[in-house]
Each structure stands twice: as structure tokens, then as C-alpha cells.
Amino acid sequence: MAKRPKAGGSVSGPDGGRRQLKVRVKTARKRSVSSARWLERQLNDPYVKSAKHEGLRSRAAYKLTEIDDKYRLLKPGKRVIDLGAAPGGWSQIAAERVKSITGDGQVIGIDYLDVEPLPGVTLLKLDFMDETAEEVLKSSLRGGKADIVLSDMAAPTVGHTRTDHLRIMGLAEAAAHFAIDVLAPGGAFLCKVFQGGTERELLDLLKRNFAVVRHVKPPASRSESAELYVLATGFRGEDAGLQG
Ligand SMILES: C[S@@+](CC[C@H](N)C(=O)[O-])C[C@H]1O[C@@H](n2cnc3c(N)ncnc32)[C@H](O)[C@@H]1O
């Protein structure tokens, strides 16, 4: 039986160790080998099954749960901005943990895709790269600066590794500059990057502005995927004058 990734709780793996029967998918005429492979992986993925069972919007919700179980970022009362929020899994976990439904916490999610309304989450349908987006996000914050900026943003992949890498790193860079602008001292930034680590320039920027910078790969992130996260904690604040 799957364990629920509750607010403040921990997750020990979604299949609870039970053996599952493997579903095989044949390639139909209209289904390419790679899409049949994708479908087979989805159907056999215990995280996908568990997310559905637990009413979570995405499999990705487990990645944030696992990272937060270890690093304890999402405490009650914190203000969180979730960049690239659709379909809403990370925002769901954040809302539970910072208690934005019942307490003082706040969660603001942004995506250019529609996200079904979520209790305790302010959702903005907007491209984060749009020049108005940062101001709209800032003006949606209640009572000051943010405590945590999350970014799971990823543009649709084109299958060309170098192009996909560049696009994801462009989004990560924009997210980092925004985090430095919007975070309160002591704040944290968690962002999807690419295997091989964060580019030197971005890493240097984060190291100048945060006390600790590390790369994390939660168990829910598929080992064969190039996905990785950079986690920067202990934002030094703008007074440090280190932003450039
Ligand atoms: C991997 S999904 C996020 C999944 C989400 N963390 C969850 O748990 O449901 C990446 C999202 O980033 C969004 N995205 C990519 N570029 C964006 C941009 N420039 N502005 C807003 N959202 C963006 C995509 O639309 C997509 O929904």
C-alpha cells in the first residue's frame, strides 16, 4: 500500500514493496516505438499509480516531497512561488506543508498552461518569460517577500540534447535572477537543471548569494533521466550587494 506524502510526513516509496504485474504495450500502427515505451513506463510506474491513488496532480509531486522531507524548506507560514506549476502537484504539496489553506502560508503558482483551481493556491496563467510576469508575481505576494522560490519549469523537449539543455538552462537562469530579487533573507531556491550540473556562471551567481548550494536528485526522479535539481539555501539578502 502506498504511503501518502502528507504535509510534514515522509514518503518511503510509493509501491510499499509490493510486487506489481508488469503491463506490456504493443506498438500499434499509429503508435511509435518511443511512445509505446513511454506508455509502458507510465503504466508500470509505481509513482504514477500512487499519485493517482492519492489524488495528487502529478508524479512530480513526489520529487518535491522527497526533497522537502530531507531539507525541510516548506514550513508552516512560509510564502512560496512555484514557477512552472501545471498540472499542480508541487503547488499541492507546498499548500499542504506551508498551511496556506488553514494558516498563514501562501502559495502562488504560475504557468502558461491552465491549472485546475487548487485550494490555498493563487494561480496565474502567464508565461514567466513575459516582461510583466515578475511584477505580477511580486504584487500577488501577501505581506512582503517570498521565503521559497521553486522552479520545475521545462519547455517541451525537441529531442535534440543540446537544444533541450540550453532551453532548460535559460529558464533556470531567469528563475535564479527572479529568486534573488524576490526572496527574503534566509530564503531558499529549488530549481530543475540538467545532469552534468549547473552551468558555471549560474552556479557562481547562486554561490555568491546563498550560504549553501547543492545538487539533488530525489529517488522519484528517474535515474535514466538527465533531470537534476539545484537547491540553494540561506539567501544572504540584497544588502550583501552580491547580486551581479
Ligand atoms: C515538469 S512540468 C511541472 C510539473 C509541476 N511541478 C507539477 O508537479 O505538477 C513543467 C511546467 O513548466 C511550464 N513552463 C515551461 N516554461 C514556462 C514559462 N516560460 N512560463 C511558465 N511556465 C512554463 C510548462 O508549461 C510545464 O507545465
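**Confidence, a helix pair and a ligand shell**

User: Over residues 1-13, under what value does pLDDT stay?

Analyst: This is a predicted model. For residues 1-13 the model has 26 contacts beyond four places in sequence.

User: What is the mean pLDDT of the protein chain?

Analyst: Another stretch, residues 15-19, has pLDDT under 50, with 6 contacts beyond four places in sequence. Across the protein chain, 84% of residues reach 70 or more. The mean pLDDT of the chain is 86.

User: How are helices α3 and α4 oriented to each other: parallel, perpendicular or oblique?

Analyst: Helix α3 covers residues 61-71 and helix α4 covers residues 89-98. Their axes are 7 Å apart and the helices pack at an angle of about 40°. Angles under 35 degrees count as roughly parallel and 65 to 115 as roughly perpendicular. The two helices, α3 and α4, are therefore oblique.

User: How many charged residues does the contact of α3 with α4 have?

Analyst: On the α3 side are A61, L64, T65 and D68, which meet G89, W90, Q92, I93 and R97 in α4. By class, this contact has 4 nonpolar and 3 polar residues, and the number of charged residues is 2.

User: Which residues come nearest to the ligand?

Analyst: The shell around the ligand divides into 15 nonpolar, 4 polar and 4 charged residues. Helix α4 and strand β2 (106-111) each supply at least two residues of this shell. Of the 23 residues around the ligand, those that come nearest are S58, A60, G84, G89 and D152.

Definitions and conventions
Residues are numbered from 1 along each chain as its sequence is written. This is a predicted model: local features need pLDDT of at least 70, side-chain atom pairs count only at pLDDT 80 or more; totals for chains, interfaces and linings use all residues. Axes are lines fitted to C-alpha atoms, for helices over the stretch in contact, and angles run from 0 to 180 degrees between N-to-C directions. Helices (H or I, at least four residues) and strands (E, at least two) are DSSP runs, numbered from the N terminus. Angles under 35 degrees count as roughly parallel, over 145 as roughly antiparallel, 65 to 115 as roughly perpendicular and the rest as oblique. Two residues are in contact if their C-beta atoms, placed from the backbone, lie within 7 Å. Ala, Val, Leu, Ile, Met, Phe, Trp, Tyr, Cys and Pro count as nonpolar, Asp, Glu, Lys and Arg as charged, and the others, Gly among them, as polar. A residue is near a molecule or strand if its C-beta atom, placed from the backbone, lies within 6 Å of it. pLDDT is the predictor's confidence in each residue, from 0 to 100.
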